[in-house]
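I opened this notebook to record what I looked up in the structure, entry by entry.

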Amino acid sequence: MLKVNIVDHPYAQAILTTLRDRRTPQIEFRKGLVRLGRVLGLEMVKELEVEECEVETPLGVRARGVRIKDLDQVVIVTVLRAAWPLTEGLVKVFFNAKQGVIVARRVEEKGMRDYEFEVDVAYVKVPAIGPESTVVLSDVMVATGSTAERALLEVVKHGKAKRYFLASVIVTPIAIARLKRVSEELGIDLALYAVAIDPVVNERGYIVPGLGDAGDRAFGS
Ligand code: URA
């Protein structure tokens with residue numbers, strides 16, 4: 001099952017605008033992704049299990065509070081390279097997270113067919129995932145969903161988690177349709193978090209209006 005969450009907070013929307021702006025320099029672009037990672041992480045926390053607890057304050061009195069139980073069970077899997085700064089922001093929220101990486105690229109030389117790319121996976125390193133795990137897949141631009149689909153297929157090989165979150169900045173209706181199908185086929189609960197749904201994937205597989213090539217803008221071409 002797929003749930004789509006679009007973060008329309010003005011703070012997130014303002015950062016997205018900076019990212020879309022072609023004049024934004026590399027360092028500011030990366031910083032924007034880090035900030036959005038933190039915002040997306042905070043949204044995800046709303047879905048995690050919380051338990052009540054009590055602490056004693058320096059005044060020697062008891063104060064009731066909460067502890068986020070699932071925080072210890074988070075596994076972040078980063079689709080390199082563009083999602084690296086997004087993950088840096090996610091880690092500020094999920095500070096205990098175990099981390100994995102997937103090095104994957106769309107084989108753009110072979111072109112896009114029916115809004116699908118062949119995906120070349122060069123390296124996968126994912127920690128063990130169990131029934132209590134919350135997997136956060138970090139993938140900045142989900143244009144056709146081909147890479148995200150392949151990444152999910154790799155992740156589930158490492159065990160079935162309690163829930164799956166996908167942290168992204170811009171997604172498209174085509175990708176949403178693909179992720180809905182994939183989540184149903186895999187029998188997983190997938191919650192997608194993004195800052196915008198852009199309408200178009202162009203003939204080269206780029207999101208329009210989009211923000212360009214996120215990896216190139218964050219790290220250079
Ligand atoms: N990847 C990017 O970096 N940008 C797009 O528009 C699509 C995929």
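Entry 1. Second largest pocket.
Which residues line the second largest pocket? The model I consulted is predicted. I listed the lining as Met1, Leu2, Lys3, Glu47, Arg163, Tyr164, Phe165, Asp189, Leu190 and Ala191. I then looked up the volume and noted about 160 Å³ of space in this second largest pocket. Sorting the lining by element, I found that β1 (2–6), β9 (163–167) and β11 (190–194) each contribute at least two residues. The largest share, 3 residues, is that of β9. By class I recorded 6 nonpolar and 4 charged residues in this lining, with no polar ones.

Entry 2. Largest pocket.
Two or more lining residues come from each of β4 (74–80), β5 (98–106), β8 (141–142), α4 (146–156) and α6 (214–219). Of the elements, β5 gives the largest share of this lining, with 4 residues. I sorted the lining of the largest pocket into 14 nonpolar, 7 polar and 7 charged residues.

Entry 3. Helices α2 and α3.
I looked up how helix α2 (residues 26–45) packs on helix α3 (residues 84–93): the angle is about 40° and the axes are 6 Å apart. The crossing of α2 and α3 is right-handed. On the α2 side, I listed Arg30, Leu33, Val34, Leu36, Gly37, Arg38, Leu40, Gly41, Leu42, Met44 and Val45 as making the contact. On the α3 side, the contact residues are Pro85, Leu86, Glu88, Gly89, Leu90, Lys92 and Val93. Classified together, the residues of this contact between α2 and α3 are 11 nonpolar, 3 polar and 4 charged.

Entry 4. Helices α4 and α5.
At what angle do the axes of α4 and helix α5 (residues 173–186) cross? I noted roughly 15°, with the axes coming within 10 Å. Angles under 35 degrees count as roughly parallel, so I recorded α4 as roughly parallel to α5. The crossing of α4 and α5 is right-handed. From α4, I listed Ser146, Ala148, Glu149, Leu152, Leu153 and Val156. These meet Arg178, Leu179, Arg181, Val182 and Leu186 of α5. I divided the residues of the contact of α4 with α5 into 7 nonpolar, 1 polar and 3 charged.

Entry 5. Cis peptide bonds.
I looked up the peptide bond between Leu80 and Arg81 and found it to be cis, with omega about 10°. Arg81 sits in the loop between β4 and α3. I also recorded a cis peptide bond between Val208 and Pro209, where omega is about 5°. Pro209 is placed in the loop between β14 (207–208) and α6.

Entry 6. Positive phi.
Where does Asp114 lie? I located Asp114 in the loop between β5 and β6 (119–125). Although Asp114 is not a glycine, I read a positive phi of about 50° for this residue.

Technical notes: Residues are numbered from 1 along each chain as its sequence is written. This is a predicted model: local features need pLDDT of at least 70, side-chain atom pairs count only at pLDDT 80 or more; totals for chains, interfaces and linings use all residues. Side-chain values use heavy atoms; hydrogens and water are left out. Ala, Val, Leu, Ile, Met, Phe, Trp, Tyr, Cys and Pro count as nonpolar, Asp, Glu, Lys and Arg as charged, and the others, Gly among them, as polar. On a 1 Å grid over the protein atoms alone, a cavity is a set of points where a 1.4 Å probe fits but cannot get out, and a pocket is an open set with protein on both sides within 12 Å along at least five of seven lines; lining residues have an atom within 4 Å of a point. Grid points are joined across faces, edges and corners, and a volume is the space filled by probe spheres set on the points. Axes are lines fitted to C-alpha atoms, for helices over the stretch in contact, and angles run from 0 to 180 degrees between N-to-C directions. A crossing is left-handed if the near helix is turned anticlockwise from the far one by less than a right angle, and right-handed if clockwise. Contact means heavy atoms within 4.5 Å. Angles under 35 degrees count as roughly parallel, over 145 as roughly antiparallel, 65 to 115 as roughly perpendicular and the rest as oblique.
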